[in-house]
Amino acid sequence: MYWYDQQFIPAEAVRISPQDRGYYFGDGVYEVYRVYNGRLFEPGLHFARLARSAAGIKLALPFGEAELQRALEELVLRNEVSEGTVYLQITRGAAPRNHLFPADARPVVMAYCNEMPRPAAAMEAGIRTITLEDTRWLHCDYKTLNLLANVLAKQTAAERGAGDAILHRGGTVTESSASNVMIVKDGRILTHPADNLILHGVTRAVALRLARAEGIPAEERAFTVDELLAADEAFVTGTTVEVTPIISVDDRPIGSGVPGPITRRLQMAFARAIGLDR
């Protein structure tokens with residue numbers, strides 16, 4: 001079942017106009033919620049980011065936070081998803097192709113669920129990564145549909161046998177193709193500030209909150225590729241990857257080349273936060 005046009009309908013009944021501005025221009029925003037034990041994880045943080053992204057592209061949301069949460073919870077229930085994701089997308093609507101905003105277009109809202117287990121293997125073993133220059137636009141803090149640069153980076157990583165691509169602007173690390181990046185040096189976590197150059201990740205915010213609760217110093221400041229390579233530990237955070245260790249960058253091991261102790265502590269704290277013992 002999909003939630004489309006304020007109704008719950010079968011997937012095959014969804015009809016998207018070829019004049020939808022999401023199709024023409026990527027003119028829309030989206031969110032991906034995690035579902036644990038049949039419940040949305042951190043829905044308030046997701047809505048806050050959705051509202052910020054929509055305001056950033058001058059798109060008025062056609063619902064409030066409580067209404068959206070009720071609809072997505074009902075969607076999860078109807079699809080009987082216990083562990084998975086909810087994808088939500090809102091475009092500016094359908095109208096004849098024109099760069100100017102249409103005066104009378106109505107936003108198109110669509111949401112659906114996927115079953116998705118936790119990435120246990122990657123979280124246990126860690127992933128190999130590569131570095132690439134960050135060539136995206138300068139509003140990466142808006143979660144819009146314009147993801148081609150991210151797609152190309154992820155594909156390049158896969159073609160080189162890596163799990164992800166870590167992006168940098170002139171040597172300053174921003175984030176990865178689909179996640180936020182954190183390093184550990186001398187017991188302190190570092191991650192890029194939540195400015196316009198990165199997506200303000202929900203799992204990023206949760207990880208920082210958990211680190212501070214665990215007594216692990218955490219600082220939001222930019223760091224370089226050289227600092228990344230010299231880190232004691234590194235990991236990515238994201239809705240679908242949770243806290244996944246990075247064991248190498250450009251074929252160079254990070255620290256001892258295996259997931260480190262602070263990364264493991266955060267993984268355990270995250271598991272407790274979602275209601276698991278480990």
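Buried here means under 20% relative accessible area, exposed means over 50%, and partly exposed is in between (1.4 Å probe, protein chains only). Keep in mind that this is a predicted model: local features need pLDDT of at least 70 and side-chain atom pairs count only at pLDDT 80 or more, while totals for chains, interfaces and linings use all residues. Residues are numbered from 1 along each chain as its sequence is written, and side-chain values use heavy atoms, with hydrogens and water left out.

**Stop 1: helix H3**

Select 65–79, which is H3. Helices (H or I, at least four residues) and strands (E, at least two) are DSSP runs, numbered from the N terminus. Show side chains for Leu68, Ala71, Leu72, Leu75 and Val76, which are buried. They sit on the same side of H3, because they cover an arc of only 140 degrees around the axis; the arc is that of the directions from the helix axis to the C-beta atoms.

How far apart are the end C-alpha atoms of H3? They are 21 Å apart, which agrees with the 21 Å that its 15 residues should span at 1.5 Å a residue. The expected span is 1.5 Å times one less than the number of residues. Just after the helix, Glu80 has a positive phi of about 55 degrees.

**Stop 2: the largest core**

A nonpolar core is a set of buried Ala, Val, Leu, Ile, Met, Phe, Trp, Tyr and Cys residues joined through side-chain atoms within 4.5 Å. The largest one has 24 residues, and among those with the most contacts inside it are Trp3, Phe63 and Val86. Strand S3 (28–36), helix H2 (43–56), H3, strand S5 (84–91) and strand S6 (108–115) each give two or more residues to this core. H3 gives the most, with 5 residues.

Next, pick Leu50. Beyond its neighbours within four places in sequence, Leu50 is in contact with Val29, Glu31, Leu61, Phe63, Leu68, Leu88 and Ile90, where contact means heavy atoms within 4.5 Å.

**Stop 3: helix H2**

Pro43, His46, Phe47, Arg49, Leu50, Ser53 and Ala54 are the buried residues of H2. Look down the axis: they fall within an arc of 165 degrees, so they line one face of the helix. These residues pack against S3, strand S4 (39–40), H3, S5 and H6.

**Stop 4**

Jump to strand S10 (residues 180–185) and strand S11 (residues 188–191), which pair in the antiparallel sense over 4 bridges; two strands pair if DSSP finds at least two bridges between them. Ile183 has Leu190 as its bridge partner in S11. The two strands form a hairpin with 2 residues between them, and Asp186 in the turn has a positive phi of about 55 degrees.

S11 also runs parallel to strand S12 (residues 218–220), joined by 3 bridges. Here Leu190 has Glu219 as its bridge partner.

**Stop 5**

Select Glu242 in strand S14 (residues 242–249). Glu242 is not a glycine, yet its phi is positive, about 55 degrees. Then take Asp251, in the loop between S14 and strand S15 (252–253), with a positive phi of about 65 degrees. Which is Glu242, buried or exposed? Glu242 is buried, at a relative accessible area of 1%, whereas Asp251 counts as exposed at 61%.
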